[in-house]
Amino acid sequence: MLHYNTYEHSTSNQWITFVHGAGGSSSIWFKQLRVFKAHFNVLLLDLRGHGRSKPSLKDSFTEDYTFDVITEDILQVMDHCNIRSSHFVGISLGTILIRNLAENYPERVESMIMGGAIMKMNVRSRFLIKMGMIFKSVVPYMFLYKLFAFVIMPRKNHKKSRNLFVNEAKKLYQKEFIRWFRLTSEIKPLLSLFRQKPVDIPSIYIMGEQDYLFLPAIEKLTKAHKKAQLFVVQNCGHVVNVDQPQVFNQQAINFIKGL
């Protein structure tokens, strides 16, 4: 089972589950934890191979992960903790996992708060992935990860987010990085499905105005999906919960309490 921590509230019966992105860990939510646990029950988890969720013996014989398999990991923790349903807060690739969970198990998802959401790969991001697929086995993975981090978060005010994710990624192994990177092979049809098929679950996308790779697709999606809202954070990049934590926390909590 994934490594996890729970923080139970004395009166609230609502759960908030935080899902980090590729290369991160539950520690990236350090600017959210204190605020959220004052209002709700909180579940923090480390995705497989990340943080304190070390690769299992079975993983040693597995070449590829799938979004469905990783989604089931999250459900296993929820079942173990007797959490019937939860609000979900995700960042970057974590938003794809949350949306996949909502697609397959909508009864388990109360709402979705999607920070730095990925719902379409533009030409530049597809080129980046293609180069990564070519060089992933011959170039040290930290070189690739630093390159990706710089392309996604290029500005001076993104440095804190960039460094946080690079430092977390150092805890991965090369083989684990490759397993996660291979997920990109199934990402295009999955994101196409998500864009075409809205779910009947309240959602808010909290995006940085400088998230040039992913914001345009979210702007288009939220115009087409009735249950989806968009809040754009000024002077902010891809990792909104780190770049502008106070704004992110306020918008997310107001959204949940307004349901």
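**Briefing: helix packing and sheet architecture**

The axes of helix 3 (residues 93–104) and helix 8 (residues 187–196) come within 11 Å and cross at roughly 60°. Axes here are lines fitted to C-alpha atoms, for helices over the stretch in contact, with angles running from 0 to 180 degrees between N-to-C directions. Helices (H or I, at least four residues) and strands (E, at least two) are DSSP runs numbered from the N terminus. The model is predicted, so local features need pLDDT of at least 70 and side-chain atom pairs count only at pLDDT 80 or more, while totals for chains, interfaces and linings use all residues. Residues are numbered from 1 along each chain as its sequence is written, and side-chain values use heavy atoms, with hydrogens and water left out.

**Helix 3 and helix 8**

- The angle makes helix 3 oblique to helix 8 (under 35 degrees counts as roughly parallel, over 145 as roughly antiparallel, 65 to 115 as roughly perpendicular and the rest as oblique).
- Helix 3 passes helix 8 in a left-handed crossing (the near helix is turned anticlockwise from the far one by less than a right angle; clockwise is right-handed).
- Helix 3 contributes I96, R99, N100 and E103 to the contact, and helix 8 contributes I187, L190, L191, L193 and F194 (contact means heavy atoms within 4.5 Å).
- By class, this contact of helix 3 with helix 8 has 6 nonpolar, 1 polar and 2 charged residues (Ala, Val, Leu, Ile, Met, Phe, Trp, Tyr, Cys and Pro count as nonpolar, Asp, Glu, Lys and Arg as charged, and the others, Gly among them, as polar).

**Helix 5 and its partners**

- Helix 5 (residues 141–152) and helix 6 (residues 159–169) have axes that come within 10 Å and cross at roughly 160°, which makes helix 5 roughly antiparallel to helix 6.
- The crossing of helix 5 and helix 6 is right-handed.
- Y141, M142, Y145, K146, A149 and F150 of helix 5 meet R162, F165, V166 and A169 of helix 6; by class, the contact has 8 nonpolar, no polar and 2 charged residues.
- Helix 5 also packs with helix 7 (residues 174–181) at an angle of about 45°, their axes 10 Å apart, which makes helix 5 oblique to helix 7.
- In that contact, Y141, L144, Y145 and F148 of helix 5 face Q174, F177 and F181 of helix 7, a set that divides into 6 nonpolar, 1 polar and no charged.

**The sheet and the helices on it**

- An open sheet with mixed pairing is formed by 7 strands in the order 1-3-2-4-5-6-7 (two strands pair if DSSP finds at least two bridges between them).
- Strand 1 (4–7) and strand 7 (228–233) stand at the edges with a single partner strand each, so one side of each has no neighbour in the sheet.
- Neighbouring strands of this sheet are turned by 15° against each other on average, direction ignored.
- Strand 6 (residues 203–208) and strand 7 run parallel and are joined by 6 bridges; S203 has A228 of strand 7 as its bridge partner.
- Helix 1 (residues 30–37) packs on the sheet, touching strand 1, strand 2 (15–19) and strand 3 (41–45), and its direction makes about 155° with that of strand 3.
- Helix 11 (residues 245–257) also packs on the sheet, touching strand 2, strand 4 (86–91), strand 5 (109–115), strand 6 and strand 7, and its direction makes about 160° with that of strand 5.
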